[in-house]
Amino acid sequence: MSPIPRRSLLKAAAVAGAAAQFSWALGAKDAEAAPRTEAADADPVTLDWLEDGGLGAAPGTTLGVPWPMGAHREDQTFALTDTAGKDVPVQSWPLAYWPDGSLKWTAHAVSSGTGKLTLAPGAPAAPAQRVTVGKSGGTIDVSTGVITARIGKSGATLIKSVTRGSTEIARDGRLVLIRQPEIEDEDQGTVKTERFEGAIDAVTVEQAGPVRAVVRIDGKHRKGSRSWLPFSLRLYFYAGADSFRMVHTITYDGKQEPGKASGDFIRGLGVRFTVPMRDASYDRHIRIGGEGTGLLREAVKGITGLRRDPGAAVQAAQYAGQKLPDPATWDQRVTTRLQYIPEWGDYTLSQLSADGFTLRKRTKKGYGWIGAGGGRRASGFGYVGGASGGLSFGLRDFWEKHPSQLDIRDAHTDAAEVTLWLWSPEAQPMDLRFYHDGMGQDTFPEQLEGLNITYEDYEPGFGTPYGIARTSELLFWANESTPTPEKLAEQVAAVRVLPQLAAPPGQLVKAKVFGPGLYSEPDRSTPAKAKIEDHLDFLFTYYKDQVEQRRWYGFWDYGDIMHTYDSVRHQWRYDIGGYAWDNSELSPDLWLWFAYLRSGRADIFRFAEAMTRHTGEVDVYHLGQWAGLGTRHGVQHYADSAKQQRIANTTYRRYYYFLTADERVGDLMHANVDSDETFLALDPLRKIRTEPYTPDRHALSIGFGTDWSGLVSAWLTEWERKGPKWEKAKARVLSTMETIAAQPNGFVQGSGLYDLDTGRFAVAPAPVVSVSHLSAVFGLNELCAELIHLVDMPAFNEAYFDYCRYFNATKAEQAARYGSNFGSLLLFQGHSRLDAYAAVQTGDAALAKRAWTKFYGSDGYLESAPWKTEPLSGPATLVAGSEAPWVSSNDTALYGLAAIENLALLGDKMP
C-alpha cells in the first residue's frame with residue numbers, strides 16, 4: 001500500500017461536507033441493514049459427535065448451530081431428542097443474530113448422549129439432576145446433582161472443596177507458580193527460586209444452569225507485595241456429571257531482556273489440589289496414565305508380589321481397585337507383617353519432550369526415588385484416592401504442549417497433594433528472551449537490509465513476549481470409589497480428545513454462514529473435481545504428518561506450522577527470520593476451517609482447533625502498548641517488529657467460537673473491538689513511508705485490505721453477538737463500508753485517513769491506485785462475502801466487485817479502468833477466488849472463465865506439481881520421514897482456499 005500524506009485538508013473534520021451524503025452514525029437504526037426476511041427453512045438438525053463414542057466420561061459438551069436468516073425468532077426455544085425419540089436435556093442460548101433480529105447461531109449444552117441427536121424447535125427437557133448455583137458466605141457453590149464445588153471469592157484458594165454426597169473428594173484447589181529470577185548458561189551460578197500463588201481478584205457467574213454452569217475467576221499470581229502473571233480461569237459444570245472442566249489462561253507480563261541473565265523466568269506453572277485420604281494404605285490407589293489408555297495401577301501399600309501370599313482374591317481385588325476384606329481374613333503371615341511393607345507416597349511423571357516420559361516414585365520426602373517405568377507419550381491422566389473416593393485429573397494436550405508433569409505427593413498421609421504442571425519444574429526455565437543481539441540493525445535502512453537477507457523485520461525492543469498468552473484445558477472427576485479399569489479408560493479418552501458435538505456441513509451451507517456460497521460439500525463427480533479433492537487431501541495430510549515428523553510441539557509452539565522449506569537442508573527454515581513460524585500468514589487458519597466446514601472431518605477440526613488456540617493467544621498481544629496487535633511470522637512467535645492487525649484478525653477466531661461457543665475465544669474477539677486505537681500506538685508503515693506522518697486520532701492511515709479486514713471482523717462479530725459494544729461496532733461496520741465505497745477508486749484507493757471518534761474514513765479528493773498482493777489474502781474476500789450478504793449497500797458491493805474484476809486483469813485493462821496499472825503483483829492463484837466470487841455475484845461469464853484460468857495456470861501450485869512426497873532418512877535428515885520441497889505454507893493456504901471456494905462457486909463451470 002502506498003502511504004497517504006498527512007494533510008489537514010483530508011482530515012475527517014475537513015471532509016464532512018464531502019461525505020455528507022452518508023448518514024450512518026453511532027447507534028444507527030436497523031434500516032441500514034438488510035431487510036427482515038420471510039420465514040426460512042427451520043427443519044430439525046441432526047447432530048453427531050466428531051469422534052466415535054459419544055460423551056463418554058466427559059462432563060458435557062457445548063456446540064453452536066447456525067440457522068438460515070429468518071428461521072427463528074430470538075426467543076425461540078429448542079428441544080433435543082435421541083434416535084429413539086427420547087428427550088435429552090439441553091440448555092440453549094443465542095450466540096449471534098442476523099440483521100433482521102432472527103437467530104443466526106445458537107449454543108446448546110448437553111450433559112448426556114452417545115449417538116446422533118436431533119435439535120428442533122420446542123420446549124427443552126429438564127435434567128433429572130440440574131446444575132444449581134448458590135452463594136454462601138465467602139463462596140459460590142455449584143452443584144451438578146452429583147458433586148458440589150465451593151468456589152472462593154477471594155484469597156489464594158480458588159476451589160475450597162469438591163464433595164460427592166457427604167464425602168469431601170478434594171479441597172484447596174489453587175494455582176502455583178515458581179519463578180526463577182536468574183538464568184545461567186551451562187553450569188554457572190546458583191539456582192534460586194521463589195513460589196507465587198494465584199490470588200483471586202474477581203469471580204463471575206456466567207451461566208447458572210439448568211444443564212450448564214460457568215464460573216469465571218480472574219486474578220494474578222502473588223507473593224508478598226508483588227503481583228504478576230495474570231490468569232483467567234473458567235470452570236464448567238454440567239447436570240448430573242461427576243466431573244468438571246477447567247480452562248486456564250495465563251498472560252505473560254514479566255520482564256526478560258536479551259543478553260541479561262536476570263528476569264522473570266517461569267520454572268514451574270501448575271494447578272494443585274489436596275485430596276483427603278481416608279482408607280487404609282492398602283486400600284489407597286494410584287493410577288497414572290501412560291501411552292494410549294495404558295495405566296500404572298498400584299496401591300500405596302502393595303500386597304502383590306510379596307514373599308508371602310495374602311490370597312489370590314485379595315491380590316486381584318487390590319489390582320482392581322476394590323476395597324480389601326478385613327486383613328484378619330488374609331494369610332496371617334502377611335497380616336502380621338503389614339507394617340514392614342513400604343508405603344509409596346510420592347509419584348512423578350514428567351514429559352519433558354514429545355518423545356519421552358519418565359515415571360518414578362518414592363516412599364516420602366527425604367528418601368530416594370526409584371524408577372517406575374517410562375514411555376514415549378503419556379496421556380496426562382492420573383488418579384489418587386481409595387475405596388471411599390478419590391480424584392481423577394487430566395491435562396489435555398499433555399505431551400503436545402511439553403514440558404509437562406504430574407505429581408502426587410504424601411499419598412501415605414491423611415492428605416495427598418496433586419499438581420498438574422503446565423510447565424514442568426524439572427524442565428529448563430521458560431526462556432522467552434529475544435534470540436539475537438540485533439547485529440547492528442539500529443536504523444530503519446539497516447533493518448530493511450536485514451529484511452532483504454533473512455526476511456526478518458527487526459527493530460530493537462520489539463521482540464518481546466510481554467502480553468502474549470496461553471490457554472490450557474484440564475478435567476477433574478470426583479469419584480465415589482476407585483474407578484474400574486474400563487471407567488478409567490473412558491476418563492483417559494476424554495482427556496486426550498474432549499468429545500464434541502457438531503452440526504453437519506449441510507446445515508452450515510444451508511444457513512449461509514461464513515460467506516454464502518464460498519464452500520460446499522466435497523464432490524468427486526467428475527475427474528477434474530476429484531483431482532482437486534485429491535490435492536486438498538494431500539496438502540492436509542502432508543501438514544499433519546509434518547507436525548509429527550518435525551516435532552512442531554511445545555507449550556508455546558503447538559498449533560502453529562512453519563512458513564517455508566529449505567530444500568538444501570531438507571528442513572523447514574525454523575531458524576531463518578520470517579521463514580520460520582507461520583503466525584497465520586496468508587490465512588492457513590481459514591484454509592483449515594473452510595476444509596472442516598465443507599467436510600465435517602474430525603482430524604481437520606482438531607488441527608484447526610489447535611491452531612486457533614495458538615494463533616489467538618501466542619501470536620497476539622493481550623497486554624501492554626501493543627495489545628490488540630499480532631506479530632508477523634518469525635523465529636519466535638513474538639520476534640518480528642511488524643505488529644499488525646492482520647495477525648490479530650478476529651476472522652481466524654470466528655469459526656471455532658461459533659462452532660463451540662468457547663468463552664475464551666469469545667473474550668479474544670471482544671477485546672479487538674477497540675483495536676482501531678492501536679493505529680495511534682504504532683504505525684505499521686513507519687519504515688517505508690516517504691512523506692512525513694504522525695498518527696492523529698482524527699486522521700489515522702489505515703489500509704483497506706489487511707488493516708480494515710482485521711478491524712471489521714471484530715466489529716461484525718461484536719454486532720452479531722450483540723456484545724457490550726455492539727451498537728458502536730455496527731456503526732463502525734456500516735460507516736467504514738460506506739466511506740470505502742465513497743473513495744474515488746474504492747478499494748483500489750488502497751488506504752484512507754480514519755477518524756477514531758466518528759468511525760469514518762475521510763473521502764480522498766483525488767483518485768490513487770495503490771494495490772497490494774497482500775490486501776485480500778487475510779480474510780478480506782471471506783469477510784466481504786459475509787458483509788455483502790448482511791448489508792444492503794450497492795455502492796460497497798460494486799467497489800468490491802470492481803477490485804475483484806481488476807486484480808487479475810491485464811495491466812492494459814487496469815490502466816483503462818483506473819488510469820494506471822496495478823504494478824507488479826503476485827498470488828494470482830489465490831486471487832482466483834475473488835474472480836469466482838465476483839463472477840457469481842455479477843453473472844460475468846468471462847470472469848468465471850478467468851477464475852479457472854488463473855487457478856490452473858498462473859502461480860502457486862500447478863497440476864504439473866509432483867503432488868507427492870519423497871522419503872527422507874539419515875544422514876540427510878534428523879528424523880526419518882518424507883518431504884515435499886515444492887510445498888510452502890503461503891501457497892498451501894492460497895491454493896486450499898481458492899480450490900474450496902472456486903469449486904463451490906464455479907464447480908459447474910470447470911474447463
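Buried residues have under 20% relative accessible area and exposed ones over 50%, with partly exposed in between (1.4 Å probe, protein chains only). The legends below show a predicted model, in which local features need pLDDT of at least 70 and side-chain atom pairs count only at pLDDT 80 or more, while totals for chains, interfaces and linings use all residues. Residues are numbered from 1 along each chain as its sequence is written, and side-chain values use heavy atoms, leaving out hydrogens and water.

**View 1. Lys 722, a non-glycine residue with positive phi.** Lys 722 has a phi of about 55° although it is not a glycine. Look for Lys 722 in the loop between helix H13 (706-721) and helix H14 (726-741); helices (H or I, at least four residues) and strands (E, at least two) are DSSP runs, numbered from the N terminus. Lys 722 is partly exposed, at 38% relative accessible area.

**View 2. Ala 661, also with positive phi.** Here phi is about 60°, and again Ala 661 is not a glycine. The loop that holds Ala 661 runs between helix H10 (651-660) and helix H11 (663-671). Ala 661 counts as buried, with 3% relative accessibility.

View 3. Arg 245 is buried, because its relative accessible area is 13%. Its side chain makes a polar contact with the side chain of Glu 473 at 2.7 Å (a pair of N or O atoms within 3.5 Å; within protein, one must be able to donate a hydrogen and the other to accept it, and residues adjacent in sequence count only if both atoms are side-chain atoms). Beyond neighbours within four places in sequence, the residues in contact with Arg 245 include Pro 59, Tyr 236, Leu 498, Arg 613 and Asp 662, where contact means heavy atoms within 4.5 Å.

**View 4. The open sheet E33-E34-E35.** Three strands pair antiparallel in this order; two strands pair if DSSP finds at least two bridges between them. Strand E33 (700-703) and strand E35 (760-761) stand at the edges with a single partner strand each, so one side of each is left without a neighbour in the sheet. Four bridges join E33 to strand E34 (residues 751-755), and Ser 701 has Leu 753 in E34 as its bridge partner.

View 5. Pro 403 sits in the loop between strand E24 (389-395) and strand E25 (404-409).
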